[in-house]
Amino acid sequence: YINTYTMDSVFCFRANGTPRWIKKYYTIGSSVYDVVPTYFSTVLIQLRDTLYDVDSTGNNIRFRTPFSFTSKITTLPDSDFILADSSKIIKQDFSGNQRWTLNAPGFVVAGANSINVYAKTLNEVMKINTSSGSVIWTKPISSNEFTMTLDHGFITTDSTQVSRYDSSGTLLWSKAILLPHFGLKGIVETPTKSIVTGGCFLNMN
């Protein structure tokens, strides 16, 4: 019998590319699911069964175990965060105290701030009040990629379309982009309010 373990490593680099710190976690069958910055200059390191809060010098400030969520963590300015599993969306603090729970089977968290949480399926978008967890609206909006905008609205891509919505879920405009072979992948709004997206285009010449 051979005793085996895995070593998960997280690397932090300075702006010039030199290493700042490296964190190593020795566990059995673990995996780094995500690394998420907080609003307090710390980083949440999400492993298979443990969540670490690491400061700017790489020191573990605190940890939480067990931590069984594998969905992406969305951090909030009040130090709470938003999570989702297969049937519900949850706002909780680092210790696991739940602020609210919303039954939302099939929805994933698409974005959040101190005012609103957006959740989505492939064919619907839901807007939730961040403080109370109450649903503001749910609308039949198709989206592959989704990003919140600076004015609390959102942008989506759906195969060959880029669409811009306001905070009430009203369509402001939609643009067709021809020929993406696998659909449009990724979309962002820059600080100057430009919108950037892209995809793979098939050349048949």
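Student: How much of this protein counts as buried?
Tutor: Of the 205 residues, 40% count as buried, where buried means under 20% relative accessible area, exposed over 50%, and partly exposed in between, with a 1.4 Å probe and protein chains only. This is a predicted model, in which local features need pLDDT of at least 70, side-chain atom pairs count only at pLDDT 80 or more, and totals for chains, interfaces and linings use all residues. Residues are numbered from 1 along each chain as its sequence is written, and side-chain values use heavy atoms, with hydrogens and water left out.

Student: Okay, how many helices and strands are there?
Tutor: The protein has zero helices and 20 strands. Both are DSSP runs numbered from the N terminus, with at least four residues for helices (H or I) and at least two for strands (E).

Student: And what does the C-alpha trace span?
Tutor: About 55 × 50 × 40 Å along its principal axes.

Student: Let's go inside. Which residues have the most contacts in the largest nonpolar core?
Tutor: Those are Ile82, Ile89 and Ile128, in a core of 14 residues. A nonpolar core here is a set of buried Ala, Val, Leu, Ile, Met, Phe, Trp, Tyr and Cys residues joined through side-chain atoms within 4.5 Å.

Student: Which strands supply at least two residues of this core?
Tutor: Strands E8 (81–84), E10 (98–103), E11 (108–112), E12 (116–120) and E13 (125–129) each do. There is also a second, separate core of ten residues, which includes Val36, Phe67, Ile73 and Phe94.

Student: Back to Ile89, what does it touch?
Tutor: Leaving out residues up to four places away in sequence, isoleucine 89 touches Ile82, Leu83, Ala84, Trp100, Thr101, Leu102, Ala104, Phe107, Val109, Ala119 and Ile128. A contact means heavy atoms within 4.5 Å.

Student: E8 keeps coming up. Which of its residues are buried on each side?
Tutor: Phe81 and Leu83 are buried on one side, and Ile82 and Ala84 on the other, so both faces of E8 are covered. In a regular strand the side chains alternate between the two faces of the sheet.

Student: How many bridges join E8 to strand E9?
Tutor: Four, and E8 runs antiparallel to E9 (residues 88–92); strands pair if DSSP finds at least two bridges between them. Leucine 83 has isoleucine 90 in E9 as its bridge partner, and the two strands form a hairpin with three residues between them.

Student: What about E7 and E8?
Tutor: Two bridges join them, again in an antiparallel arrangement, with threonine 74 partnered by isoleucine 82 in E8. They form a hairpin with five residues between them, and serine 79 in the turn has a positive phi of about 80 degrees.

Student: New topic: which peptide bond is cis?
Tutor: The bond from threonine 65 to proline 66, with omega near 0 degrees. Proline 66 sits in the loop between strand E6 (60–64) and strand E7 (74–75).

Student: What is the phi of serine 41?
Tutor: Serine 41 has a positive phi of about 60 degrees, although it is not a glycine. Its place is the loop between strand E3 (34–37) and strand E4 (43–46).

Student: Why does serine 41 count as exposed?
Tutor: Because its relative accessibility is 60%.

Student: Where is lysine 193?
Tutor: Lysine 193 lies in the loop between strand E19 (180–189) and strand E20 (195–201). Lysine 193 has a positive phi of about 70 degrees although it is not a glycine.
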